[in-house]
Amino acid sequence: MTMLPTNHFKHALRAGRAQIGVWSTIPSSYVCELVAGAGYDWMLLDTEHTPTDVPLMLQQLQAVAAAQPAAHAALPTQAVVRPAWNDAVLIKRYLDIGAQTLLLPFVQNAQEAQAAVDAIRYAPAGIRGMGGSTRAANFGRTTDYVARAADELCLLVQVETAEALEQIEAIAAVDGIDGIFIGPADLSASLGYPGQMRHPVVNAAINDAIRRIRACGKAPGILMVDEQRARECLELGAQFVAVALDTLVLRDGLDAAAKRFGGAASAAVTPSSY
């Protein structure tokens with residue numbers, strides 16, 4: 001018999017410890033292994049805004065698990081999978097391939113939050129379909145998987161509209177919700193400031209949401225690549241904060257190098273004499 005893997009990310013949130021993460025949107029197991037070796041506490045593997053599907057996500061999860069932990073990291077990086085929607089069929093498939101933490105987008109109220117909880121739990125507590133030989137259960141070798149799966153599954157939901165902000169307390173009151181993630185981009189649009197994630201109105205709404213989520217005893221989370229603002233969110237009580245995004249790190253690094261050497265190659269070439 002094999003043991004059910006410990007979800008260190010979930011236990012850290014339960015203990016009130018901040019978890020620093022990275023957002024990964026490049027659908028490549030090779031890149032995932034590279035990112036997972038950097039030493040972040042967690043990394044978001046996205047399917048909502050990427051071409052990633054279930055088979056490719058399996059490869060990404062395997063790559064994260066295979067990554068060599070960074071020397072400064074206390075624990076290996078934990079994977080958080082974001083399905084494209086709060087859908088019971090998608091949730092079942094990602095759980096069966098071994099995802100232990102899910103971040104579900106666009107949860108608007110307690111009813112939708114409850115539907116998410118039902119989707120990750122087996123009957124009689126939920127509606128998750130039974131599969132005895134899934135990768136999550138080490139192909140049936142983890143014989144107590146069905147009995148203990150809920151202990152190590154972590155469920156995070158996104159509030160990303162003005163309407164959802166009003167429902168924070170009701171969503172947080174749903175048993176089985178471990179954390180609430182504030183989606184700053186969609187929230188800025190919902191509040192009337194699309195693309196202005198640092199607008200004072202948006203900042204104020206995020207600050208208020210973080211405080212209210214913590215007051216409910218749940219973990220607040222956010223993606224914030226602006227370092228100063230990320231630190232402000234942590235000081236306010238945000239517990240799982242993604243502070244980098246792989247595509248932006250790659251883009252900015254490449255753009256900066258190109259800018260530094262722009263024109264240098266052509267200038268260095270001396271016309272030949274004939």
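The tour goes from the whole chain to one strand and then to some salt bridges.

Before you click: this is a predicted model, in which local features need pLDDT of at least 70 and side-chain atom pairs count only at pLDDT 80 or more, while totals for chains, interfaces and linings use all residues. Residues are numbered from 1 along each chain as its sequence is written, and side-chain values use heavy atoms, with hydrogens and water left out.

**Whole chain.** Show the cartoon: there are 13 helices and eight strands (DSSP runs, numbered from the N terminus; helices are H or I with at least four residues, strands E with at least two). The radius of gyration is 21 Å, close to the 19 Å of the globule rule for 274 residues, so the chain is as compact as a globular protein of that length (taken over C-alpha atoms; the rule is 2.2 Å times the number of residues to the power 0.38). Colour by burial, and 46% of the 274 residues come out buried (under 20% relative accessible area; exposed is over 50%, partly exposed in between; 1.4 Å probe, protein chains only).

**Strand E7.** Select 219-223: five of the five residues in E7 are buried. Ala219, Gly221 and Leu223 point one way, Pro220 and Ile222 the other. Which strands pair with E7? Strand E6 (179-182) does so in the parallel sense over four bridges, and E8 (240-245) runs parallel to E7 with three bridges (pairing takes at least two DSSP bridges). For landmarks, pick glycine 179 opposite alanine 219, then leucine 223 opposite alanine 242. From E7, trace the chain through helix H11 (227-236) to E8: this β-α-β crossover is right-handed (clockwise from the first strand over the helix to the second, with the strands pointing away from you).

**Salt bridges.** The whole structure has 14 (a Lys or Arg side-chain nitrogen within 4 Å of an Asp or Glu carboxyl oxygen). Start with aspartate 175 and arginine 121, at 3.4 Å, N to O. Aspartate 175 sits in the loop between H8 and E6 and arginine 121 in the loop between H5 and H6, so the pair ties together parts 54 residues apart in sequence. Aspartate 175 is exposed at 57%, whereas arginine 121 is partly exposed at 23%.

Next, select glutamate 169 and arginine 212, whose closest N and O atoms are 2.8 Å apart. This pair links helix H8 to helix H10 (200-215), 43 residues apart.
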